[in-house]
Amino acid sequence: MNIFRILGDVSHLLAMLILLVKIWRSKSCAGISGKSQILFAMVFTSRYLDLFTNFISIYNTVMKVVFLACAYITVYLIYGKFQKTFDSENDSFRLEFLLVPVTGLSFLENYNFTPLEILWTFSIYLESVAILPQLFMISKTGEAETITTHYLFFLGLYRALYLANWIWRYHTENFYDQIAVVSGVVQTIFYCDFFYLYVTKVLKGKKLSLPMPI
């Protein structure tokens, strides 16, 4: 554990809580990609299957349970309680374009060809692209609510902090996880353009808007 890892976890948790509070208070999931949330639920499920077999620490166990709970509660609110407010027309990203290559890659590139290891690898690869349906939805509608941009910012910040965590661990522990690092870099790249818009527009009180696709 180091400060970057802890701050990354806090940022990740804050992002999920921001999204949950936004949906619950507004009684609406407008502007939120349900498909991205399904992918994140799949990420946590496949990654934390060792919850009952591999105890690392109380902190680790609690965070796993909280992330799983937040992910599934979010999916329930979108597709259950507030389904009538869900914008299915604009949440149109084809998930098979992500799931098929990610599944194939997890079988080809992993550290150990066992079910749990393949599923862990699958979760790492999937997390790197799980935000794409949300970003696609924003590009399709041309704008995003301020609270949604805060959610995306802290989600991106979590990945950036984890990159710092891996750099720190490499220099202090000589630890290097190629799969996690490469996937984390890919995921952070997806957020770069959004970070620029967040700083130049949202933090100045302007609404984030994008050019409408032709």
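Which side chains meet in a salt bridge at 3.3 Å, N to O? The points below take up this pair and then other features of the structure, which is a predicted model.

1. The pair is Asp 9 and Arg 5, whose side chains form a salt bridge with an N to O distance of 3.3 Å. Both residues belong to helix H1, where they stand four residues apart, about one turn of the helix. Asp 9 is buried because its relative accessible area is 5%, and buried means under 20%. Arg 5 has a relative accessible area of 21% and is therefore partly exposed.

2. A search of the whole structure finds seven salt bridges. One of them joins the side chains of Arg 94 and Glu 96, at 2.5 Å from N to O. Arg 94 is partly exposed, with a relative accessible area of 45%. Glu 96 is likewise partly exposed, its relative accessible area being 34%.

3. Another salt bridge links Arg 159 with Glu 127, at 3.5 Å from N to O. Arg 159 lies in helix H7 and Glu 127 in helix H5, so this pair ties together parts that are 32 residues apart in sequence. Both Arg 159 and Glu 127 are buried. Salt bridges with shared partners also bring in Arg 47, so that Arg 47, Glu 127 and Arg 159 form one network.

4. Two helix pairs deserve attention. The axes of helix H1 (residues 3-26) and helix H3 (residues 58-81) come within 10 Å and cross at roughly 25 degrees. H1 is therefore roughly parallel to H3, since angles under 35 degrees count as such. The crossing of H1 and H3 is left-handed.

5. Helix H4 (residues 96-108) packs against helix H5 (residues 115-129) at an angle of about 140 degrees, and their axes are 9 Å apart. This angle makes H4 oblique to H5. The crossing of H4 and H5 is right-handed.

6. Where does Gln 37 lie? Its place is in helix H2 (residues 34-47). Gln 37 counts as buried because its relative accessibility is 6%. Gln 37 and Tyr 72 are 35 residues apart in sequence, and their C-alpha atoms are 8.4 Å apart in space.

7. Some backbone angles should be noted. Most residues other than glycine have a negative phi. Lys 27 is not a glycine, yet it has a positive phi of about 55 degrees. Lys 27 is placed in the loop between H1 and H2 and, at 43% relative accessibility, counts as partly exposed. Asn 174 also has a positive phi of about 55 degrees without being a glycine. Asn 174 is found in the loop between helix H7 (146-173) and H8, and it is exposed, with a relative accessible area of 60%.

8. The buried residues of helix H6 (residues 132-141) are Leu 132, Pro 133, Gln 134, Leu 135, Met 137 and Ile 138. Just after H6 comes Gly 142, which takes a positive phi of about 90 degrees.

9. Which residues make the nonpolar surface patch of about 450 Å²? The patch is made by Tyr 170, Tyr 176, Val 182, Val 186 and Phe 190. Helix H8 (residues 178-200) gives the most to this patch, with three residues. Val 186 is found in helix H8 and counts as partly exposed because its relative accessibility is 32%.

Note on methods. Residues are numbered from 1 along each chain as its sequence is written. This is a predicted model: local features need pLDDT of at least 70, side-chain atom pairs count only at pLDDT 80 or more; totals for chains, interfaces and linings use all residues. Side-chain values use heavy atoms; hydrogens and water are left out. Patches are made of residues with over 30% relative accessible area and no salt bridge: like charges are joined within 9 Å, nonpolar side chains (Val, Leu, Ile, Met, Phe, Trp, Tyr) within 5 Å. Accessible areas come from the Shrake-Rupley method with a 1.4 Å probe; for residues, only the protein chains shown count as cover. A salt bridge is a side-chain nitrogen of Lys or Arg within 4 Å of a carboxyl oxygen of Asp or Glu. Buried means under 20% relative accessible area, exposed over 50%, partly exposed in between (1.4 Å probe, protein chains only). Axes are lines fitted to C-alpha atoms, for helices over the stretch in contact, and angles run from 0 to 180 degrees between N-to-C directions. Angles under 35 degrees count as roughly parallel, over 145 as roughly antiparallel, 65 to 115 as roughly perpendicular and the rest as oblique. A crossing is left-handed if the near helix is turned anticlockwise from the far one by less than a right angle, and right-handed if clockwise.
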